[in-house]
Amino acid sequence: TKEKLNIYQAMKKKLLMQGTALILLEAQAATGFIIDPVKNQKFYVNEAVKAGIVGPELHEKLLSAEKAVTGYKDPYSGNTVSVFEAMKKGLILREHGIRILEAQVATGGIIDPVHSHRVPVEVAYQRGYFDEDMSKILSDPRSQEH
């Protein structure tokens, strides 16, 4: 059919595997919004759940991905930290962090949650947002296994 579906609907209709749908939705959340192509609108994660764009079972995972934009709260210092800092401190899994950062790179650059703007990978590296290893992974994701 030519029916337009959002990612969650496609998953529910078994057109997308659940893991694939989650990766796509996390990538969207990591850029700041969940997109509904049916209504042609962008939603914050909480709004997307309320509007039924995504199911409540994905709420926590998508909120975690959305923190890539808003920043992660360091439970020890209370400070807001970036995705990479959250990975280093063990607040998120490395694989999850890499996926989030790759999604940001693909959509315009690394998001600095403290200053709320995007910067290219090279600039983020120069500013010390992440180490050389991560810079290589993000500059050419095919160059290394995660």
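Me: Which residues lie nearest the centre of the largest pocket, and how many line it?
Reply: Its lining is made up of 15 residues, and Ser-82, Glu-85, Asp-112, Pro-113 and Tyr-129 are the ones nearest the centre. A pocket here is an open set of points on a 1 Å grid that a 1.4 Å probe fits, with protein on both sides within 12 Å along at least five of seven lines, and lining residues have an atom within 4 Å of a point. The model is predicted, so to speak with care, local features need pLDDT of at least 70 and side-chain atom pairs 80 or more, while totals for chains, interfaces and linings use all residues. Residues are numbered from 1 along each chain, and side-chain values use heavy atoms, without hydrogens or water.

Me: Which elements give two or more residues to that lining?
Reply: Those are β4 (80–81), α5 (83–88) and β5 (110–112), where helices are DSSP runs of H or I with at least four residues and strands are E runs of at least two.

Me: How many aromatic pairs are there?
Reply: There are two, counting ring centres within 6.5 Å, with planes under 30 degrees apart called stacked, over 60 edge-to-face and the rest tilted. One of them joins Phe-84 and Phe-130 edge-to-face, with 6.2 Å from centre to centre and 75° between the planes. Because Phe-84 sits in helix α5 and Phe-130 in the loop between α7 (121–126) and α8 (132–139), the pair ties together parts 46 residues apart in sequence.

Me: Switching topic, what does α2 use to meet α4?
Reply: On the α2 side there are Leu-22, Leu-25, Glu-26, Ala-29 and Ala-30, which meet Lys-61, Leu-62, Ala-65, Glu-66, Ala-68 and Val-69 of α4, with contact taken as heavy atoms within 4.5 Å.

How values were computed. Phe/Tyr/Trp six-rings, centres within 6.5 Å; stacked < 30°, edge-to-face > 60°.
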